[in-house]
Amino acid sequence: MPSAGLLRRRRHAAEHELSITAFMNLMVVLIPFLLVIAVFSRIVTLELYLPTPSEQQAQSQAPPAFSLTIFLRQDGIAVGNGREILAGLIKQGADYPWEELSKVLQRVKKEFPGEDTVAILAEPTIEYETLVRAMDVSRMAVVEEGGAKRSIALFPNVSIGEVEAAPAPGAAS
């Protein structure tokens, strides 16, 4: 039979409450911190226009019209209108000629102000950052007028796709 002192010790040990002060202090600090961080982290989305199969079929049956296309290749950028190449921009070193591409797209926009769609076709080896940069350049341009800079919309509806890699110079066809 257990002694009275042992029973008192067990009862006394069972009466202890769990101290959650440290946990509450952590929550008081952690929750405002997470709320402040959530304000600064934003996800940027870019809407792409991907035609449905019925739209693609209707486009293939229609006569070729103006269709602005940017071809991203390892050696440079070509800009076409659906019938011919409007500009060929050669890559200088490791960087693409983004300023020149913007100027070409601004000229095209002046000539066809109602157009707002561009298709960007990239070789499979083109880096993701390069594709995103091409989308950014084709959507907006910063122009300087009278000493002030302003943004103008070029071709906000962007479609992306893949184009076959160009054969290496001197390679057999």
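1. Among contacts in the chain between residues at least 6 apart in sequence, what percentage join residues at least 24 apart? The share is 54%, where contact means heavy atoms within 4.5 Å. This is a predicted model, in which local features need pLDDT of at least 70 and side-chain atom pairs count only at pLDDT 80 or more, while totals for chains, interfaces and linings use all residues. Residues are numbered from 1 along each chain as its sequence is written, and side-chain values use heavy atoms, with hydrogens and water left out.

2. The chain holds 5 helices and 7 strands, these being DSSP runs numbered from the N terminus (helices H or I with at least four residues, strands E with at least two). Along the sequence they follow the pattern α-α-α-β-β-β-α-β-α-β-β-β. Of the 173 residues, 24% count as buried, a term that stands for under 20% relative accessible area, with exposed meaning over 50% and partly exposed lying in between (1.4 Å probe, protein chains only).

3. Helix 4 covers residues 98-111, and its 14 residues should span 20 Å at 1.5 Å a residue, which agrees with the 20 Å between its end C-alpha atoms; the expected span is 1.5 Å times one less than the number of residues. The buried residues of this helix are Trp98, Leu101, Ser102, Val104, Leu105, Gln106, Val108 and Lys109. What covers them includes strand 1 (69-73), strand 2 (76-80), strand 3 (85-90), helix 5 (128-139), strand 5 (140-145) and strand 6 (148-153).

4. The largest nonpolar core has 26 residues, of which Leu72, Ile77, Leu101 and Leu105 touch the most other members; such a core is a set of buried Ala, Val, Leu, Ile, Met, Phe, Trp, Tyr and Cys residues joined through side-chain atoms within 4.5 Å. Two or more residues each are given to this core by strand 1, strand 2, strand 3, helix 4, strand 4 (117-122) and helix 5, and the largest share, 5 residues, comes from helix 4. Leaving aside neighbours within four places in sequence, Leu101 is in contact with Ile70, Ile77, Val79, Leu89 and Val137.

5. Gln106 also has its place in helix 4, and at 19% relative accessibility Gln106 counts as buried. Not counting residues up to four places away in sequence, Gln106 touches Ala141, Val143, Ile152 and Leu154.

6. Strand 5 and strand 6 pair in the antiparallel sense over 6 bridges, pairing being assigned if DSSP finds at least two bridges between two strands. Met140 stands opposite Ala153 in strand 6. The hairpin of these strands has 2 residues between them, and there Gly146 takes a positive phi near 60 degrees.

7. The count of aromatic pairs comes to 1, where rings of Phe, Tyr and Trp (its six-membered ring) pair if their centres lie within 6.5 Å, with planes under 30 degrees apart counted as stacked, over 60 as edge-to-face and the rest as tilted. Tyr96 and Trp98 form this tilted pair, at 5.5 Å centre to centre and 45 degrees between the planes, and both residues are buried.

8. Where does Val163 lie in the chain? Val163 is found in the segment after strand 7 (157-162), and is buried, with a relative accessible area of 14%. Not counting residues up to four places away in sequence, Val163 touches Phe71, Arg73, Leu121, Ala122, Glu123 and Pro124. Val163 and Ile120 are 43 residues apart in sequence and 9.3 Å apart in space, C-alpha to C-alpha.
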